[in-house]
Amino acid sequence: MNDNIDLSLLSGVLDEYAAVKGSLITILQHTQDIYGYLPKEAIELISERTGIATSEIMGVGTFYTQFRFEPVGKYLIMLCQGTACHVNGSELILQTIKDELGIDDGQTTEDGLFSLKCVACLGCCSLSPVMMVNEDTYGSLTPDKTKKILKELREAAV
Amino acid sequence: MINLTINGKAIQAPEGATILEAARANGIDIPTLCYDKAVEIYGACGLCVVEAEGIPKLLRSCSAKCTEGMVINTESDRVVQSRKIAMELLMSAHDGDCVAPCQLNCPARTDCQGYVGLIANGEYDSAIKLIKNKIPLPASIGRVCPHPCEKACRRKNVEEPINIAQLKAFAADIDLNKDSYLPDVMVRTGKKVAIIGGGPAGLTAAYYLNIMGHSVTVYDMMEKMGGMLRYGIPQYRLPKEVLDKEIAIIEKSGVKLVNNVKLGKDFTIESLKTENDAVIVAVGAWQSSSMRTPGEDLEGVYGGIDFLRAVIKGNPPEIGERVAICGGGNTAMDACRTAVRLGAKEVYVIYRRTRAEMPADALEIDEAEEEGVIYKFLTNPISFNGENGKLKSVTLQIMELGEPDASGRRRPVPVEGKTEEIPLDSVILAIGQKLVQGDVSELQLNERGNIEADPDWFTTNMDGVFAIGDATNRGASIAIEAIGEADRCAKAVDAYLNNQKMDTRVPYISKRDEATIDYSDRKKEARKTPRVLAPEVRNKNFDEVSLGFTEEEAKEEASRCLECGCREYYKCKLLNVAQRYDIDPSRFQGEMPQQYTHDANAFIERNTAKCILCGLCVRSCREVMDIHALGLMGRGFTTEPSPAFALPLDQTKCNNCGLCVQLCPTGALTEKANLKKQVPLNEEYTEVKVEIDDQQASLLVSRYNGKILRVIPNDEISRNANLTREQLLAKLQ
Amino acid sequence: MRIVIGQGSCGIAAGAEKVRQALLKENINASVAGCIGMCYLEPIVDIYDEDKLTRLVKVSESDAPAIAEYINTGDRSKIENLVVSDEDSEFLNKQTRIALRNCGIINPEKIEEYIEKDGYTALKSCLTEKTPEEVIEIIKTSGLAGRGGAGFPTWFKWNAARQSEGEEKYLICNADEGDPGAFMDRAVIESDPHNLIEGMLIGAYAIGAKHAVVYVRAEYPLAIKRLKNALEQAREKGIIGNNIFGTDFSCDFMIKAGAGAFVCGEETALIESLEGHRGMPRLKPPFPAQSGFWRKPSNINNVETFANVAWIINNGGEAFAAMGTEGSKGTKVFAVTGKVKRSGLVEIPMGKTLRDVIFDIGGGMKSDKPFKAVQMGGPSGGCIPASLIDTVIDYKALGATGAIMGSGGMVVMDESTCMVGMAKFFLDFTAKESCGKCVHCRIGTKRMLEMLERITKGEGKEGDIELLEELCYAIKDGALCGLGQTAPNPVLTTIKYFRDEYEAHIKDKKCPAGECSDLIEYSINAEKCKGCTLCARNCPVEAISGTVKNPHVINIDKCIKCGKCYSICRFDAVVKA
């Protein structure tokens with residue numbers, strides 16, 4: 001699938017930041033915005049343009065949880081792991097999502113529809129338990145509500 | 001200059017100096033694992049912590065600067081506790097074997113992996129030297145040892161263990177058939193040691209004490225030295241010519257041997273003690289054990305070792321045509337196979353359990369059967385029946401296996417009312433042997449009737465008198481057990497003679513969890529055994545059954561070794577620090593952060609399972625070399641130093657300068673030695689100056705027994721010269 | 001009439017934007033505000049008629065016509081049920097708001113609304129009337145201390161950075177709010193970004209920095225958007241850039257988005273991250289005040305700290321110091337969540353008690369189960385038990401319990417929360433967030449987590465508590481940075497106050513709170529069971545059998561302990577033990 005990485009999409013970002021010291025994380029964030037993840041080819045290009053070794057770039061990329069190295073599904077489910085969510089039963093929601101989709105944290109369903117990621121506190125503690133799917137936040141989740149949301153998303157995708 | 005106090009000692013340090021620098025400049029050692037002058041201070045390992053008066057937090061001495069009037073303690077209880085836990089945590093996540101399991105399971109701690117590896121490389125002289133660090137009778141032991149090493153050998157999980165014992169015999173035979181290796185002995189101390197008993201225990205203690213510079217005399221009651229090796233093991237298994245040669249080397253090395261003198265008749269322990277500075281009692285266990293079966297006093301009933309001794313001395317008893325041997329150990333095997341060779345027509349082995357439970361070596365069991373021995377498993381003699389005082393038959397109780405007993409073996413229980421009678425001419429009882437107690441009446445015995453000796457120090461109730469081997473504590477065991485005791489006893493006696501204390505604490509070493517080891521990537525290669533005489537040939541004479549390995553066979557067999565023990569064992573900084581503290585990492589046993597790997601190029605082998613994340617490899621590659629071949633990947637517990645995209649080193653800008661390997665405090669990175677098969681060896685490192693591009697450059701050269709094993713760039717010029725190891729080696733010649 | 005809809009992240013998540021769209025369809029153009037902090041009542045629509053406020057809560061799209069009717073005709077009848085109750089109003093009335101003073105009131109996307117509330121007057125007075133030393137003196141008088149967790153006096157840090165030699169200095173705002181359970185910083189940026197900018201500019205002036213940097217979590221996209229917008233507007237007005245207010249003070253501004261690493265809340269790790277590196281803490285000394293961002297003198301404060309600064313300048317250090325206790329001055333914002341009835345942001349003067357926050361303002365427990373403990377300070381803090389509910393909110397007093405003030409996360413727990421599970425939750429967090437640099441934190445937190453996992457699975461053994469304690473103290477002593485040094489606190493405080501709960505797990509293999517699924521069993525009380533079959537029909541693994549109107553039975557071998565039957569039963573017939 002990496003054959004069709006269009007590296008020209010990166011030129012704007014690199015023109016703006018390649019020479020600005022300390023910009024590696026910013027460049028990687030933009031790169032992920034473009035491709036949905038950090039393709040190897042993009043990292044090599046970033047290395048070439050910034051002069052930062054690929055080992056250092058990968059070191060940074062793998063340090064921060066925001067970065068991904070594989071494409072994600074159409075829906076990226078980010079399940080909040082905050083304290084309030086924990087106290088209000090996020091564990092049960094996680095189990096529900098795992099059971100419904102048959103994937104673990106960090107995995108993508110075979111049909112490429114859903115990716116699941118447990119994330120640090122989303123800061124919507126009063127609505128706990130909370131998950132975000134792409135840009136949308138869903139709060140006060142129960143197992144049934146979660147199943148319903150997943151079902152709706154799946155239907156919307158077809 | 002700044003004035004400060006470290007551990008009560010007033011010292012001065014230059015402005016800007018760290019506490020670590022000040023301490024080391026004054027001979028005060030503070031352990032570190034992530035610190036090196038070559039790179040920036042990092043502060044990860046937490047071992048360099050010290051306590052400063054008036055400062056509530058522990059200070060990392062690698063970064064904390066000296067200040068005027070500072071009062072530092074580098075060894076306070078709090079500091080030691082902090083380091084201890086740091087080491088326990090580190091070792092709980094360090095997946096590696098310092099020492100191979102074969103060596104650990106050898107009662108004498110013989111470096112099996114070392115000599116097997118050297119044999120694989122054809123380095124036979126080095127191999128025999130290494131073996132003789134622990135065993136002075138390797139040709140004999142190689143032939144007779146039941147090899148606990150092979151039981152621990154992990155190759156068994158691939159197919160079968162390495163034939164370690166036969167490899168030892170192979171290397172030792174080469175040595176015996178040429179100008180044999182003689183150990184360097186130390187300057188004479190003038191101390192005298194007498195050893196009673198010239199068996200494996202006595203001879204071994206004598207050999208090592210002599211090397212340590214003491215004058216040693218061995219006294220033995222028999223006409224020749226060797227003890228049970230000579231009088232308890234048949235010729236076809238251990239030709240006495242081999243034993244003679246090995247004893248001759250011991251004698252040549254300086255040990256005095258006196259035969260035909262008997263304790264209690266010609267001398268007493270006390271009398272020897274007055275003439276010597278120390279006495280070691282190694283008299284062995286020379287009395288066959290009784291089965292307490294009715295009829296044992298009949299004519300035709302013999303003790304196992306008595307029978308073997310009589311045959312070896314050239315006057316075998318009349319055993320007739322039908323012979324039964326009671327017992328399932330190696331003595332029983334020796335007895336039955338000897339009986340076959342004496343011409344008995346029907347030879348039975350009576351054993352109350354099954355073949356699977358027999359303590360004898362499997363090969364012996366098979367070979368005996370090939371020679372015509374008939375096994376009577378699950379039988380137990382209930383009476384020896386005679387006529388006119390002479391044995392006529394044995395009545396056997398038929399047994400079956402019940403519940404497992406304390407040893408884990410299933411306990412044989414009689415089958416009610418089922419018996420069998422076999423007509424016999426003679427019976428040989430090979431069920432054990434014990435100390436002849438009257439010989440050692442001067443010494444205190446334990447409840448088993450053996451000499452009571454301290455398990456660490458081998459001391460007895462008499463001052464200056466030590467005891468080892470079959471005669472002591474738990475009684476008779478295998479030769480290598482006695483040899484191991486003798487080696488340790490020699491050190492204890494040496495300490496005693498020098499009025500020193502000896503550290504008997506077993507130093508900590510790292511061991512892998514056997515259950516987690518994956519062998520699926522190993523190619524199967526069958527175990528090799530030396531050719532043997534055909535059964536129909538060998539059962540008629542006492543010629544040695546085994547024909548020994550050919551050189552080709554030996555090398556191939558030795559090459560099967562999985563190399564379990566760590567190559568960095570001898571210079572591992574991590575282990576060195578770990579052994580300084582009384583650690584128990586099992587308290588924190590848990591998941592390992594990395595998979596055990598075998599990633600290697602021509603020079604460097606990486607195994608991140610052993611990595612302790614000191615970061616020195618990544619940092620030196622970045623800060624010193626500006627190559628960035630390695631980076632830290634991931635975060636937290638599973639952080640791993642690795643090239644980008646997990647590429648092999650060869651696909652990075654790595655120029656094999658070896659700096660990362662040099663700085664690695666443990667075995668996560670190792671430099672390959674100039675050997676086909678890699679072996680952990682105690683190499684000697686020296687710095688050598690050579691010319692590279694008209695500039696003087698430094699190389700680090702390692703040698704083992706004179707052979708150059710590694711050439712490592714050792715300064716900026718040599719590291720940046722991009723020369724191969726062969727080119728560097730050429731610079732030396 | 002002016003219609004305002006609270007549109008903080010959680011308001012939007014609760015449906016605020018949908019309500020705004022629905023009102024638009026009724027031709028009502030509501031303006032945007034940030035978050036008022038009454039999170040449990042979101043979405044909230046405020047209707048101002050002159051100065052009279054009608055506050056509607058838990059509004060949904062379908063309420064739009066009724067609201068429109070009220071606005072157009074004044075007929076309140078259809079919205080009466082939406083009007084906030086007097087009781088709920090107390091949630092706000094009992095607070096004293098300084099840092100949050102404009103939150104949920106002004107439009108965060110319009111600088112004019114901030115300026116209308118005396119915005120940027122403090123900055124102007126500093127630049128034109130006060131020397132940097134005088135500014136520092138005012139902050140000193142106020143007693144303001146770092147609101148990010150450690151509670152270090154702000155003036156002291158500013159002074160150290162001011163005293164540090166060097167032309168280039170940096171003022172950094174730590175908006176990497178990582179404590180799972182705290183969200184006041186997000187609320188401030190989303191709701192009142194200019195207040196932050198003003199506080200930062202005053203700080204920059206005080207220390208002599210020409211560069212200001214905000215390091216904000218990438219997980220807060222709305223905050224980043226509104227902050228960017230605010231910076232844009234401030235730049236247009238000449239409040240950021242060269243010669244601010246015509247003085248010779250110049251300061252540029254930069255936003256850096258974090259990329260997901262809790263440890264970057266630690267100031268040296270934050271600096272590493274700002275420079276584009278892995279966020280691994282540096283050894284201290286040198287401290288950032290001497291050698292920070294790009295090895296230049298740098299000062300780092302958190303959002304809430306800066307949010308107090310403009311108010312202090314305008315009202316005087318004394319006014320701020322008049323609130324609070326001997327050692328803790330001013331107000332503190334808490335994010336009150338968990339099993340509490342009214343959850344949200346609470347700003348109160350220091351010196352109040354935990355009871356004031358949890359019961360008086362928070363309204364006590366949501367359920368009928370008794371209050372058990374409150375977790376303060378997140379992964380670096382600890383659990384304070386019910387018996388200490390009257391503890392005064394004060395750095396020292398809270399510290400004495402073993403917890404910390406922290407950034408203000410206050411997670412309330414009732415009897416159904418397992419305290420060993422709570423400790424495990426936080427260790428899971430710190431173990432995942434450990435940067436991996438130092439041994440004590442990297443391996444120590446992992447081993448603690450493994451021990452806690454074993455204990456909650458019923459595999460704990462005698463001596464585990466003591467071993468945990470030993471490891472805790474060693475990690476506190478040996479870890480390199482604050483993350484590791486404080487990681488044991490959740491374990492130590494739960495052992496201190498709930499040791500019997502640990503022992504129950506270890507010795508009796510029981511979880512008293514009934515939360516550890518490996519240690520509980522469900523059964524049906526035959527006397528209470530009416531045979532309604534509801535549980536049997538809802539059991540995901542068909543572990544419940546029985547016929548209509550007869551008591552049902554749970555097959556323990558099949559049961560996966562999901563708790564569905566327990567929560568669904570209408571007769572309390574399912575027993576958890």
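Trainee: Is Asp694(B) buried or exposed?
Mentor: Asp694(B) is exposed, with a relative accessible area of 74%. Here buried means under 20% relative accessible area, exposed over 50%, and partly exposed in between, using a 1.4 Å probe and protein chains only. Before we go on, this is a predicted model, where local features need pLDDT of at least 70, side-chain atom pairs count only at pLDDT 80 or more, and totals for chains, interfaces and linings use all residues. Residues are numbered from 1 along each chain as its sequence is written, chains are lettered from A and ligands numbered from 1 in the order in which they are written, and side-chain values use heavy atoms, with hydrogens and water left out.

Trainee: Thanks. Where is Asp694(B) in the fold?
Mentor: Look in the loop between strand 26 (684–692) and strand 27 (695–704) of chain B. Helices (H or I, at least four residues) and strands (E, at least two) are DSSP runs, numbered from the N terminus. Asp694(B) also has a positive phi of about 65°, although it is not a glycine.

Trainee: And what about the phi of Glu563(B)?
Mentor: Glu563(B) is not a glycine either, and its phi is positive, at about 55°. This residue sits in the loop between helix 18 and helix 19 (573–580) of chain B. Glu563(B) counts as partly exposed, at 28% relative accessibility.

Trainee: New topic: how many residues of helix 13 of chain B are buried?
Mentor: Seven of the nine residues of helix 13 (residues 304–312) of chain B are buried, so this helix is largely enclosed by the rest of the structure. Among them are Phe307(B), Leu308(B) and Arg309(B). The cover includes helix 14 (330–341) and strand 18 (426–429) of chain B. Just after helix 13 of chain B, Gly314(B) takes a positive phi of about 95°.

Trainee: What about chain B as a whole?
Mentor: Chain B has 23 helices and 28 strands, and 58% of its 733 residues are buried. Along the principal axes, its C-alpha trace spans about 100 × 60 × 55 Å.

Trainee: How many helices and strands are there in chain C?
Mentor: There are 23 helices and 17 strands in chain C. Of its 577 residues, 63% count as buried.

Trainee: At what angle do helix 17 and helix 21 of chain C pack?
Mentor: Helix 17 (residues 419–433) and helix 21 (residues 489–508) of chain C pack at about 135°, with their axes 8 Å apart. The contact includes Phe426(C) of helix 17 of chain C and Phe498(C) of helix 21 of chain C. Its residues divide into nine nonpolar, two polar and one charged.

Trainee: Which residues does Gly148(C) contact, leaving aside neighbours within four places in sequence?
Mentor: Those are Asn302(C), Thr305(C), Gly406(C) and Ser407(C). Gly148(C) lies in the loop between helix 7 (132–142) and helix 8 (154–163) of chain C, and is partly exposed, with a relative accessible area of 43%.

Trainee: Last one: which peptide bond to Pro129(A) is cis?
Mentor: The bond from Ser128(A) to Pro129(A) is cis, with omega near -5°. Pro129(A) is in the loop between strand 2 (114–119) and strand 3 (131–133) of chain A. In chain C, the bond from Lys284(C) to Pro285(C) is cis too, with omega near -10°.

Conventions: Axes are lines fitted to C-alpha atoms, for helices over the stretch in contact, and angles run from 0 to 180 degrees between N-to-C directions. Contact means heavy atoms within 4.5 Å. Ala, Val, Leu, Ile, Met, Phe, Trp, Tyr, Cys and Pro count as nonpolar, Asp, Glu, Lys and Arg as charged, and the others, Gly among them, as polar.
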